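Hi,

Here is the structure I promised to send over. Have a look at it first, and my notes follow below.

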Amino acid sequence: MCIHVIEVDVQSEIAVWDPDEVVITVQRGTHPHLLITELRALLAIDLGAPTTATGALACFCGEPVTIPGERAAVWAA
Ligand SMILES: [Zn+2]
């Protein structure tokens, strides 16, 4: 089951891992660069997901993790 990233309106931190739902919730409106930095740290350090040579976000299984909406295009660029 792959990790999904979903946006929420309000939470205490930029990115929060929810192991029950296998989702990372991210605060809507966060600057994409900051969001990616936070997600990369969360995935690699807290969840032990593999890091990729390109710096793209990856699931446990190595599949790419996509960010909701238009941000996907930003980090892929
Ligand atoms: Zn996966």
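For what follows, two strands count as paired if DSSP finds at least two bridges between them. Helices (H or I, at least four residues) and strands (E, at least two) are DSSP runs numbered from the N terminus. Bear in mind that this is a predicted model: local features need pLDDT of at least 70, side-chain atom pairs count only at pLDDT 80 or more, and totals for chains, interfaces and linings use all residues. Residues are numbered from 1 along each chain as its sequence is written.

The order of elements from the N terminus is β-β-β-α-α. The three strands make an open sheet, ordered E1-E3-E2, with mixed pairing. At its edges are E1 (4–8) and E2 (15–18), each pairing on one side only. E1 and E3 run parallel over five bridges, and Ile-6 sits opposite Thr-25 in E3.

Now the core, meaning buried Ala, Val, Leu, Ile, Met, Phe, Trp, Tyr and Cys residues joined through C-beta atoms within 7 Å. Buried means 20 or more other C-beta atoms within 10 Å of a residue's own, with C-beta atoms placed from the backbone. The largest nonpolar core has 13 residues, and Ile-24, Leu-39 and Leu-43 touch the most other members. Strand E3 (23–27) and helix H1 (32–46) each supply at least two of its residues, and H1 gives the largest share, four.

Overall, 21% of the 77 residues are buried.

Cheers

Terms used. A residue is buried if 20 or more other C-beta atoms lie within 10 Å of its own, exposed if 12 or fewer, and partly exposed in between; C-beta atoms are placed from the backbone.
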